[in-house]
Amino acid sequence: MLRCSNVCARSTLATRLTGNGVSVLFSRLPRGLPAKHIALNRSEYRSISTSGFDRPSPRGAERAPRSRSDFPRRAPSWKKTGYKKPGVEDEEGVIPSPRGAERAPRSRSDFPRRAPSWKKTGYMKSDVKDEEGVAEDLAEDSKGGADGKLEPGEKRIWRPTVSKKAIDIELEWARDRVALSNRVKQILKKGDLEKAVTLVQTAQTRGYDCMVGWNELFDHELKNNNALSAFKLYNDMKKRARKPNTYTYTIMFRGLAHSTSNKAVQMARSIYKSLCSPNSGVKPTILHANAVLGVCSRHGDMDALWEVAGSLPERGEGAPDSRTFTIILNGIQARTANELKALNPRSQADGIGEKRAAAVRDGKKIWADVVRRWKMGEFVVDQPLVSAMGRLLLSGLRRRDCLDVFALLHQTMEVPLLEDVDAQLEAVRSWEQKKHTEQDIPKPAEGQQEASSESSPEPEKVSMDSDETNPVQNEESKQLSEEPEPLPEEPELASEESGLPGDEAEKLNEKPEPLSEAEEFKGLFNPVDLAEIRKTSQANKNARRPKIIRPIPTNDELSLVLAASRTIPNGIAIGRAYWDYFTSGPAKPTIKPDTHSFHEYLRLLRVARSSAETLRIINAMAPRAGMVERKTFVIAISCCSRDRKNPHVLETAARLVGIMDTALLQPEPEILSKYLELVRYGISEASVDESTPVLSRVSDTQTTEQLFKKRILDAIAALRPHVDKLISLLAYSTLSKHGKDVDDEGARIKAASERVAEGSWPFSRHYLPSFEESVYILRQAKQLHDLALKEKTLSAEERTVLTTENQHLKDILSPKH
């Protein structure tokens, strides 16, 4: 039996005939050298001839290019080698052909010429031109080395090595699209991406309905942050004549938005361009545009975002909706936040203020377009859009921007202006108008200018504490709260028809100066009448008619007003009024505060130094699962530290530390350290002398010695459960054995002592606190025990307990070697 195979590798053409123990190999090597390799019965014969193929040309003459037809037609290989064709007589007889039949030699022309795959499928190559161009640009991200080997972690998904028989068996049981997609899910769950890709590609070749399978592949790769692999699969699917459906685009855009690839925006724009092409099988909608805008917004590419947003129609089908503007506003805020990370708040405060003001100005321009569309009756303002605009205003940190938050909620949700918010807004508007009017009046004399400056109202400067403890941010907030001076208004220009002189006519061609922010956005947040909007919507017969309703306030809006209250005058009273209005007042429906809203209210109480109200709020939070967390007690203890002049603050702080023991599983040495600072101040002589007269009126504490003793014993009692947890952590590096009779107390103290002697944890775990802070808390607790044992009025029971605990702490902190 003879088999013939042709192999082309670089410039070598090889033909190999094998059969019945005989192997004949003919090849044309580089430089035209024909080589013959015959193997018969394990004996090898080689010969190389150069006759007629590489004859040197005459000296000085160039060799003329020769075409393939210039070469003489070669005889079949079996004639040249003397190896007889099946069925031809030889000296030893006739070599029978397989199964008694003669097989005539077939030339290459006998095989039909295969058409390119894109012609057979009818799918035009122009449909994938853009994707191929992007794929070439992205090729460097996954290009193999010079030897053709793959980079570490790269998978060659387009050259499967999975057994064809295995795929055939799989497809016998997965002919239905549901069964196929389920099988693809199972294979991907096992981590065999190559088999899943081969299965879907083979199903596509056989004409199965495998669109769901393709989508499963895209979704799997994007969830695993393999955006480039998903994009290559997407191009491979299109080349196989499978057009994407609407779910494909949704999966791709959603995955690219959460991808960390720096080419995500480029890939998303390429896919969106293909979607908008005339021969696309899916009609593009505003949902697809919003998905692309989300990719641009998350990756901070504002140029691409404005390009996509600018391509949307002004009205009708495909026009921007509330989600579109929400994404744009969030993108502006995210871009500004990223730019501010590179600036130093201390040395570049002016630059930070300018960037914040520019972001707010851009947001107001967007909101002006929102209000215009809303009044036309073709647009619905929803809660996420209001929240996005409010957060952008709040990021400006100026007094006017924070007051605009209240005006925004009053405009869109009819939230009333409580306390003196309305008066403050009117005062700011009057001040801005007066400053703007003064810019148009010629500059008065020096005396008049001084008098006018004394009588002009200025916004009140309020020193408020920011959320963080960094004094640099406090300084930044104080600087940015001042209002910038508005720019002068451009005077009205006369028309050319009025017969102006040549110099004045030239001034008309000059670009007008930009309006001040106060003039440009005057009345931007004025109330909107829904009745007028409904009439306008009914008049537009050919326009869309959405249901005209107002959005309902949520926890986002409650957090906004509480955060804005911290930066305006009388903000404490205003914030409390809005808290009562939303949580238990006339607001319908009332809002059930979440963790973020509670934390914003606790920050407001911290500014007010209201430690007692803080304790009441945390007591209300504690019964609800998942509401109390570490941040809750950080804010609460910080509030107590600000309220340290209060004679009752140590009792409040002790209760908070007790709630922390039951609410948090792990001890928090950093928070306990802040509590100990408060205790040291509370037991100081000045604090005891100031608090004794006040406390003597409401309690039995009559002398300073009694108050000193009481505060020390209360602090030791509050710290006792936390100290016990820290000892267990030092002994076992875990709290799994805490409170269990798995070992005696002596062994636990000895293990903790050995750990302190070593000076570090045996391993690094996220739940383990700082080792140095943990040891510091134990040292501070021992000092409190030493002070308490010096008191002569201790009872015998109290002295026994304190002595035992003090000895344990001494053994742990002073290990014996």
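Hi everyone, let's start at one residue: leaving aside residues up to four places away in sequence, Asn555 touches Ile591, Lys592, Pro593, Asp594 and Ser597, where contact means heavy atoms within 4.5 Å. Asn555 sits in helix 23, residues 555–565; helices here are DSSP runs of H or I with at least four residues, strands are E runs of at least two, and both are numbered from the N terminus. A polar atom of the Asn555 side chain lies 3.1 Å from the backbone nitrogen of Asp594. Is Asn555 buried or exposed? It counts as buried, because its relative accessibility is 15%, and the cut-offs are under 20% for buried, over 50% for exposed and partly exposed in between, with a 1.4 Å probe and protein chains only.

Before going further, a word on what we are looking at. This is a predicted model, in which local features need pLDDT of at least 70, side-chain atom pairs count only at pLDDT 80 or more, and totals for chains, interfaces and linings use all residues. Residues are numbered from 1 along each chain as its sequence is written, and side-chain values use heavy atoms, with hydrogens and water left out.

How confident is the predictor? The protein averages a pLDDT of 77, and 69% of the residues score at least 70; pLDDT is the predictor's confidence in each residue, from 0 to 100. Over residues 1–63 the pLDDT is below 50, and this stretch has 100 contacts in the model beyond near neighbours in sequence. Residues 139–151 also have a pLDDT below 50, with 11 contacts beyond near neighbours in sequence.

Now the overall picture. The secondary structure comes to 34 helices and seven strands. Of the 817 residues, 40% are buried. Among contacts with a separation of 6 or more, 64% are between residues 24 or more positions apart.

One helix I'd like to show you is helix 10, residues 264–275. Its 12 residues reach 16 Å from first C-alpha to last, close to the 16 Å expected at 1.5 Å a residue, where the expected span is 1.5 Å times one less than the number of residues. Helix 10 is mostly covered, with nine of its 12 residues buried, including Met267, Ile271, Tyr272 and Leu275.

On to charges. Side chains of opposite charge can pair when their charged atoms come close. How many salt bridges does the structure hold? There are 36, each a side-chain nitrogen of Lys or Arg within 4 Å of a carboxyl oxygen of Asp or Glu.

Glu414 is exposed, at 52% relative accessible area, whereas Arg550 counts as buried at 17%.

Two pairs stay within a helix. Asp786 and Lys782 meet at 3.3 Å, N to O; both lie in helix 33, four residues apart, about one turn. Asp369 and Arg372 come to 2.5 Å, and both lie in helix 14, three residues apart. Asp369 is partly exposed at 22%, and Arg372 is partly exposed at 36%.

Methods
Polar contact = N/O pair within 3.5 Å; in protein donor to acceptor, adjacent residues only side chain to side chain.
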